[in-house]
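Load the model in your viewer and keep the selection panel open. The stops below go from pockets to a helix pair.

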Amino acid sequence: MYTPKYFQVTDEVEIFSFIEKNAFGQLIATVGNRMSATHLPFLVSEDRSRLFAHLAIQNPQASELEGREVLVTFAGPHDYISPTWYTSPGVPTWNYQAVHVYGNVTILNDSSEKRWVVDELSKKYESFNAEPWVPDYKDTMLGAIVAFEINITETQCTYKLSQNKSAQDRAQVIDKLKGIGSTALAEAMERNES
């Protein structure tokens with residue numbers, strides 16, 4: 001990912017915190033001779049060395065993942081930035097937050113490993129629910145998915161949040177973003193100021 005130095009984030013804690021908050025990513029890999037993407041929720045291992053997910057066995061990516069290098073992208077808030085929002089000269093641009101993760105895939109064939117991935121994803125995404133759904137998968141249901149882990153080899157992180165602009169311009173961009181309802185991006189810019 002092209003990242004000018006002033007937009008680059010290298011703090012591992014920040015990067016993996018971002019992934020946890022924006023864990024619905026895109027698994028990108030070649031299928032045959034063509035790029036393919038699948039949108040999936042991911043889990044991060046406690047030691048931040050692996051990602052976990054599963055996809056339908058009918059998904060064309062499923063049969064070609066084992067041992068392959070893949071790219072997983074995670075996106076956060078983003079929006080158009082008008083040059084009219086600056087006091088100094090500028091050009092139209094886009095502010096955003098993104099993380100790219102590269103790694104090698106290992107298929108989890110054991111039914112207990114598959115069940116663990118499904119259970120952990122369910123725990124994470126049912127946590128808001130006063131009466132969370134508890135998975136009760138039969139082995140035949142688990143047979144319809146391919147669970148996998150990605151051993152992370154590289155992370156790249158870009159927070160393009162007007163860091164190359166003056167404090168006054170950044171403040172104006174934040175105000176304009178709030179005005180159009182892009183509050184998540186405005187809040188990300190405010191956090192980045194501190």
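A pocket here is found on a 1 Å grid over the protein atoms alone, as an open set of points where a 1.4 Å probe fits, with protein on both sides within 12 Å along at least five of seven lines; its lining residues have an atom within 4 Å of a point. This is a predicted model, in which local features need pLDDT of at least 70 and side-chain atom pairs count only at pLDDT 80 or more, while totals for chains, interfaces and linings use all residues. Residues are numbered from 1 along each chain as its sequence is written, and side-chain values use heavy atoms, without hydrogens and water.

**Whole chain.** Show the cartoon: the protein chain has 5 helices and 7 strands, which are DSSP runs (helices H or I, at least four residues; strands E, at least two) numbered from the N terminus. The C-alpha trace spans about 60 × 45 × 30 Å along its principal axes.

**Largest pocket.** Select Glu14, Lys21, Gln97, Tyr159 and Arg191, which lie nearest the centre of the largest pocket among its 13 lining residues. The space in this pocket is about 290 Å³, a volume filled by probe spheres set on grid points that are joined across faces, edges and corners. Next colour H1 (12–21) and H5, each of which supplies at least two lining residues; H5 has the largest share, 5 residues. The lining divides into 5 nonpolar, 4 polar and 4 charged residues, where Ala, Val, Leu, Ile, Met, Phe, Trp, Tyr, Cys and Pro count as nonpolar, Asp, Glu, Lys and Arg as charged, and the others, Gly among them, as polar.

**Second largest pocket.** Move to Glu20, Leu43, Val44, Ser45, Glu46, Trp116, Glu120, Lys123 and Lys124, which line the second largest pocket. Strand S3 (43–44) and helix H2 (111–126) each give two or more residues to that lining, and H2 gives the most, with 4. About 150 Å³ of space lies in this pocket.

**H4 and H5.** Finally, select residues 167–179 (H4) and 183–193 (H5): how far apart are their axes? They are 8 Å apart, and the helices pack at an angle of about 155 degrees. H4 and H5 are therefore roughly antiparallel (over 145 degrees). Show side chains for the contact (heavy atoms within 4.5 Å): H4 brings Arg170, Val173, Ile174, Leu177 and Lys178, and H5 brings Thr183, Leu185, Ala186, Met189, Glu190 and Glu193. By class, this contact has 6 nonpolar, 1 polar and 4 charged residues.

Notes: Axes are lines fitted to C-alpha atoms, for helices over the stretch in contact, and angles run from 0 to 180 degrees between N-to-C directions. Angles under 35 degrees count as roughly parallel, over 145 as roughly antiparallel, 65 to 115 as roughly perpendicular and the rest as oblique.
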